[in-house]
Amino acid sequence: MRQFLLAKVGQVVTAEQVRTAAGISEWARRLRELRDEEGWPIHSHNDDASLKPGEYRLVSVPTERKDVAFSRAISGRLKAQVLDRNGFTCQMCGLTPGDVDPDTRRKVRMHVGHIVDKSLGGKDELANLRSLCSGCNEGAKNITAQKPSTIWLLSQIRRAGLHEQRAVYDWLATKFGDG
């Protein structure tokens, strides 16, 4: 992936091209590692309005860093606790494993993501972690708000129209059952 991106400095590349060049299923994670942990200036649609979702651009040749250390501090046990606490449901869009993502048309895979990103001082602890689908996790870095409070969420439902309130009720009944 490194050689592919270096050969395309300044050019727009698609997620499919990066995936093919990487040759691994965790290509998006590796792209984030290059950007966040190694300091590569890789832009996405979150950074550059001229890019569409699924497009990336390596803005310039990255400076070489010798002090890179990859930390995988989130244990399997902690990940399991987060997923169980959140009911294996994406805390941003509500999708669950096996649902079909309307954007990618692929089955949803769950990830554990930080509420306050590590680059902003967030910790690898239960209170700062949430379950996210791959689509939300890939687009969420450093731009997502914290999880809404119960009071705020209820106030939004109360303000919504009857049709929207019914949709919320139906979704909750499907998720938790009537009773």
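Helices (H or I, at least four residues) and strands (E, at least two) are taken here as DSSP runs, numbered from the N terminus. The model is a predicted one, so to speak: local features need pLDDT of at least 70, side-chain atom pairs count only at pLDDT 80 or more, and totals for chains, interfaces and linings use all residues. Residues are numbered from 1 along each chain as its sequence is written, and side-chain values use heavy atoms, with hydrogens and water left out.

On that count, the protein has seven helices and five strands, laid out along the sequence as α-β-α-α-β-β-α-β-β-α-α-α. Of its 179 residues, 29% are buried (under 20% relative accessible area; exposed is over 50%, partly exposed in between; 1.4 Å probe, protein chains only).

Strand β5, residues 129–133, is mostly covered, with five of its five residues buried. L129, S131 and C133 point one way from β5, while R130 and L132 point the other way. Next to consider is the partner strand. β4 (residues 110–114) runs antiparallel to β5, and five bridges join the two (strands pair if DSSP finds at least two bridges between them). Within this pairing, G113 has R130 of β5 as its bridge partner.

Over in the loop between α2 (15–22) and α3 (27–37) is I24, partly exposed with a relative accessible area of 41%. Leaving aside residues up to four places away in sequence, I24 touches R19 and R30 (contact means heavy atoms within 4.5 Å). I24 and M1, 23 residues apart in sequence, are 9.6 Å apart in space, C-alpha to C-alpha.
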